[in-house]
Amino acid sequence: MEIVTVREDVWGREVLLGVSWDWLWVILALTFAAIVVHLLIMAVLRKQPRPSAAGKRLTRHDNFDRSFHWIMAISTLVLLFTGVLPIIGYDFNWLTIHWIAGLVLTGAVLLHVIRAVFFQDFGSMVVAPKDLKEPFEKGRKPGKYSLAQKGMHHAMTLLVLVVIGTGLVLFLQIDTPWWDRPNSLAESTLGWMFVLHGVSTLGLVGLTALHVYFALRPEKRFYTRSMISGWISEDEFSANHDPARWMPDETARS
Amino acid sequence: MSNEYLHIGKNFVPPDIYGKVTGKARYAEDYSVDGMVYARLFTSPMPHARVRNIDASAALAMDGVLGILTADDVPAVEAPNAAILTNEPVYVGDPILAVAAVDEKTAENALKKIKVDLEPLPFVVDPLASLKPNGPSARTEGNVYPSEMQNLQWSAEDLNRFQQGEEPTGAAPTEWSYGDLEAGFDNAAVVIEESFVTTGYAHMSMEPRSVLSYWRGNKCYVHGSTQSQSFVVPFLAGMLGIEQGDLVYISEYCGGGFGSKISAYPVLGLPGYFAKKLNRPVMLRITREEEYYIGSARVGFQGWMKAGFAEDGRVTAVDLYIVQDLGPRRTGGDASSAGGAISILYQPQAMRLRDVPVFTNTTPRGAQRGPGQNQIAAIFEPMLDKAARELNLDRLAIRRINAPDSSATLNADQGPVTSAYMDDALALGGELFKWSERVQRSGQRRGSKVTGVAVGQGYHSAGASGFDGLVRITPDGKLHLHSGVGNLGTYSYASTTRAAAELLKCSWDNCVVHHGNSSLHLPWSSYQAGSNTMFTHTRANHVAAMDLLTKMKDIAAQTLGGDAADYDIADERVFKASDNTRSMSYAEVAAKAIELGGAYSGESYPEDIHEVTQRAVTGIAGSGLVGVAKDKLPKRGTAPGLAVAFCEIELDLETGKHQIIDYLAVGECGTIVHPQGLAGQLRGGAVWGFGMASLERHVYDPQNGLPANVGYYQTKPPTYLDVPSHMGWAAVDKADPDSPVGARGIGEPAMGCATAAVMCALSEALDGHLFNRTPVTPDMIINHISDGPQAASLMAINTF
Amino acid sequence: MAAHDVMPDIELFQPITVEDASAIAARLDGAGWILAGGQDTYGWLKDRAKHPGAMIDLAAIEGINGINATASGISIGAMTTLRDVMRDPLIAEKFPILTQAAGRVASPQIRNQGTLGGNVAQDTRCWYYRRGLSCYRAGGNICYADSPEGMNREHALFGASRCVAVSPSDTATALVAVDATMVIHREGREKRVPAEQFFIGPAINITHMTVLRPGDILTHVEIPNTWANTESYFEKVADRDVWDFALVSIAAVMKTSGGVIDDARIVCGAVECVPRRLRSVEQALRGKPRNEQTADAVAGLASGGARTLNHNQFKVPLMENLVRRALRT
């Protein structure tokens with residue numbers, strides 16, 4: 001199976017057309033398989049006692065961050081569905097929704113990046129050398145984010161930045177309320193844009209599916225709750241985090 | 001049109017008609033020989049490129065694929081001449097290689113497997129883009145071709161002025177002039193100054209130029225499609241690198257050439273080389289799309305013109321500046337011909353032509369019916385109308401006051417004409433068309449429709465000299481008329497031979513026309529183009545018949561006694577004028593000629609006849625009484641072909657569409673030789689002229705050099721509902737003194753006058769608005785009426 | 001470079017029932033090409049710009065050829081030739097704009113061979129696309145026509161979504177105007193689609209011009225009596241009067257009483273990828289007399305929302321003029 005598809009340019013030379021969308025099914029299958037394997041492993045492993053949600057509530061995500069997360073999540077899902085459904089044969093007027101969602105995502109990501117870099121504890125998401133010991137040392141606990149969470153975030157970051165970057169270039173090629181499309185990108189450049197946009201989309205399909213899966217897993221569900229309502233319990237905190245590396249505030253309400 | 005002639009001025013059935021109407025006519029593509037294989041072309045996808053590598057291994061490995069032919073297998077030619085195949089394609093569709101296989105489908109499938117690695121080179125589809133500072137050159141050797149390859153770039157200011165339609169200041173490599181231009185403009189009551197664009201468009205030959213070639217020993221047989229017959233032989237032999245005598249060239253029918261098949265075009269030589277390489281007969285069928293690539297197009301003009309008119313309408317001075325769109329190959333006489341046409345049609349007292357012939361990476365250009373004359377007719381005639389309006393003169397009157405007569409002069413050297421009776425044509429047409437009555441309704445509006453009544457004129461030089469005639473009477477009494485004239489669709493291959501039948505007073509039933517195959521002993525001929533054949537070959541046939549007549553009388557005198565001068569001919573007998581019982585039939589004379597030998601039967605021949613004719617005479621030597629001669633009759637100047645067209649149109653201001661309600665063409669081409677043929681020329685030329693004025697399309701995308709016009713429906717030649725159901729014709733029918741039968745040619749002006757008439761009528765219907773551009777299309781008219789901008793910039797070319 | 005004119009090897013199916021044709025087409029998926037009159041087909045195939053593996057010829061199928069009066073209107077088999085549509089007295093009596101539209105298709109030779117189904121289902125004539133270039137419509141990722149210096153005189157004013165090609169069909173405008181229903185055989189069932197929804201633009205599907213999908217067979221076009229014998233107007237403006245595609249065409253039907261327009265359907269061709277209903281004009285017409293004043297008052301609405309390209313500005317006034325002409329009595 002080809003990774004990319006090619007077409008002939010205006011003079012009959014081979015140029016990149018985009019990613020081969022057959023890979024969509026492969027990615028979906030692999031993601032599904034990974035989830036099944038994980039489910040099996042988790043079923044075999046003895047269930048750890050789950051920390052209690054009761055007690056003092058500690059702030060994990062403030063309102064801003066939660067809003068950004070959900071804006072990004074919704075726009076990403078809209079982008080994925082509007083991008084992928086027409087490819088697999090569902091005809092609808094997708095492009096306008098797609099680029100509007102793309103602009104929303106771009107704006108949210110931009111604000112998030114600015115906020116995370118300049119106004120928040122940027123280091124909390126940096127993978128430090130000691131984080132790498134996490135999987136190997138029993139009892140070693142992470143700061144605010146586990147290595148797995150950081151890994152997921154960084155992979156997502158990379159893919160989203162690529163998809164946004166290429167998406168913006170492609171956005172410049174279409175009609176919008178603000179400009180008539182120039183439609184003037186070199187054909188080979190255009191091909192690269194579509195390939196990168198497609199590859200990152202495929203990655204996002206897989207990662208998003210995994211992200212949703214983990215968000216729904218019973219032992220991780222408190223993180224999902226924290227992304228909705230902002231808090232984790234003291235018990236959840238002490239079971240999963242090293243207070244030396246992250247000390248959250250108490251929430252106003254309990 | 002009744003006259004004392006037996007044949008001249010009478011209709012007849014040309015012998016090729018039967019084949020054409022029954023479908024038995026065989027064009028090059030209809031031939032098949034044992035072992036024949038099929039070739040297909042790989043043509044350039046890029047407008048300008050260099051071949052870096054050709055990998056045909058996958059194609060050659062296919063079953064049934066026999067080989068490829070590349071530029072390395074054919075002679076290289078010097079730029080800007082056209083090679084059979086090239087490693088530096090200069091337009092989209094330029095043939096790079098050919099592949100041959102046992103059948104066409106295999107060859108076609110093989111094409112897809114050939115990998116040609118091309119390096120794109122700079123390209124240009126609008127001459128002005130090449131003239132700008134650091135503009136691209138269509139050819140690596142240079143961008144202009146005054147008569148040698150040169151590089152020319154204008155300053156940004158020069159270019160800008162030209163693009164704004166102002167008086168050009170950019171350098172022009174070619175210039176000619178006569179008279180005092182400044183004085184001419186000083187003496188003018190009205191000066192009209194306009195910029196203009198005429199789009200070049202495809203020749204659109206109905207029969208694509210398919211070719212079959214095979215070898216028998218050293219002899220190469222070529223079945224091709226050309227307008228000319230004998231004229232092709234030396235050029236094709238040269239292209240194939242063989243002796244003329246080793247070439248058998250067959251082109252009995254030509255399904256249209258229109259200037260694109262005058263002589264040996266490059267692809268005509270391809271199957272010869274391929275057949276030699278493969279040792280198999282090779283058929284190369286050309287597709288419709290390929291015909292649009294290699295089949296040539298008219299030269300386009302981007303120009304500026306200033307014309308001065310005296311109070312009485314006389315043209316005092318014309319200053320003409322033309323940038324020619326040459327395509328990528330050697331051509332370029334159109335600008336000078338345009339100047340020549342103005343110089344004769346309006347007899348300006350002073351004139352200047354400046355010419356900038358620029359290469360573009362568009363389809364190769366070549367002479368197309370009235371090359372130069374017809375483009376300028378479309379532009380100058382509406383300008384003439386504008387002058388008439390400003391001077392308050394009738395539009396027919398302004399033409400009559402400028403009309404050339406037999407004292408007319410033309411071109412830079414202001415040479416003479418053989419004769420000219422343009423005023424007669426204008427007067428006759430005006431009367432037949434009821435000009436003075438109809439012109440009253442020009443400009444009148446009914447609902448959304450406006451009437452335009454107009455007159456247009458066309459010119460082309462129409463006659464050459466110095467070619468050969470060959471006739472023969474065989475012992476069966478038949479007069480064999482050997483015609484080296486090609487069968488381009490005008491019937492002139494046959495109608496010109498009637499000058500010999502006329503002189504020899506021979507019934508047409510007893511005449512046999514030989515043509516279309518060089519092995520049928522055909523004499524040297526002019527090319528069948530430039531409206532020249534009627535004049536040129538009635539003369540050549542006449543002198544050959546004179547030679548035969550002299551010999552016949554000699555033989556009669558030798559046989560029956562007395563002096564040759566005592567003998568006359570009638571009813572296919574030669575007899576003593578004083579005693580018509582002493583006579584011989586033509587059959588008897590022919591038998592006697594064989595007996596006598598020598599010049600009588602073609603055993604010897606005049607030294608001044610062309611090599612082609614010499615071989616033809618040798619071929620028929622001993623088979624009868626042979627008349628052969630080179631035309632050395634006096635010719636005192638240019639033989640002009642002149643035509644006038646009158647038309648009435650209705651232009652719908654809401655749709656931009658016009659309908660030609662009525663059309664009349666008047667030929668001024670000397671004596672009418674073949675009325676039906678003349679009618680066909682006047683009407684056919686008109687249809688083409690309508691196309692040039694408002695329909696025919698030539699579009700290139702400047703971003704990638706791709707042509708949009710690669711099929712009939714895309715190029716839009718007029719259809720039967722785009723032309724009036726009735727088109728009238730007439731002719732002045734006054735003999736030209738330098739033609740033994742009084743005839744001159746008409747082909748090209750027949751089109752130019754129609755283009756001019758429609759352009760003028762459109763202008764009339766729009767209150768005198770000049771588009772100064774061909775074609776004028778509905779979108780342009782709608783944009784004009786709605787005060788919107790035109791889509792194409794003022795001087796852009798190849799945009800419709 | 002593509003200049004082929006040589007028919008490729010291709011499998012030919014000649015089913016005699018719609019069910020078989022549909023089943024074969026469904027089995028072949030995208031590799032099956034439905035062949036009606038062939039007037040659009042052979043160019044694609046000989047140019048080798050499309051590469052189906054098989055043709056499914058509908059010529060032998062009974063029951064999808066011919067014109068019949070029904071209780072509610074007229075049913076026209078999709079395989080009915082344009083010549084037969086043009087010459088049918090019933091159509092001429094009830095829906096003269098269809099007669100006129102069919103009569104303006106291409107040339108007599110093409111009308112003798114071409115079918116109504118083929119005419120509505122034909123592909124666009126964008127010259128870049130027809131050249132076999134890998135543009136959006138051909139599954140690529142670029143439009144050559146709508147580029148900075150693209151040659152797009154014949155292209156779209158409306159509804160361009162990356163692709164600016166227009167609907168080339170003359171009969172399509174008329175059929176949308178008379179509110180025809182396209183009867184499609186799909187997976188053993190009959191699917192009825194209003195003509196207006198039969199045609200789709202690039203925003204919905206950039207590689208298809210109709211809702212037809214592999215396995216679908218357009219079997220009939222049904223025209224209800226709703227607009228029968230109403231006032232109507234058809235005009236096609238093309239460069240040539242034979243064998244040319246519309247620069248702009250118009251098909252209009254109007255119900256009037258006492259010279260006042262009660263209702264109207266007005267459709268323009270060659271301005272969008274689909275036949276374009278001029279709804280704002282239709283609305284503005286209701287209750288107005290059919291005359292020059294009304295024509296002048298509403299014509300400007302026709303081009304509302306038009307986005308012109310480099311070379312097609314003229315279509316705006318041309319559209320408006322055609323609306324004027326349609327509304328004059």
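The model is predicted: local features need pLDDT of at least 70, side-chain atom pairs count only at pLDDT 80 or more, and totals for chains, interfaces and linings use all residues. Residues are numbered from 1 along each chain as its sequence is written, chains are lettered from A and ligands numbered from 1 in the order written, and side-chain values use heavy atoms, without hydrogens and water.

I begin with chain A. Its secondary structure comes to 7 helices and 4 strands, where helices (H or I, at least four residues) and strands (E, at least two) are DSSP runs numbered from the N terminus. Of the 254 residues in chain A, 38% are buried, that is, under 20% relative accessible area with a 1.4 Å probe, protein chains only. The C-alpha atoms of chain A fill a box of roughly 65 × 40 × 35 Å along the principal axes.

I turn now to chain C. Here 3 strands form an open sheet in the order 1-3-2, with parallel pairing; two strands pair if DSSP finds at least two bridges between them. Strand 1 (11-13) and strand 2 (32-35) of chain C stand at the edges, each with a single partner strand, so one side of each lacks a neighbour in the sheet. Strand 2 and strand 3 (residues 54-57) of chain C pair over 4 bridges in the parallel sense. Within strand 3 of chain C, Ala54(C) is the bridge partner of Gly32(C).

Note on methods. Buried < 20%, exposed > 50% of the residue type's maximum accessible area, 1.4 Å probe, protein only.
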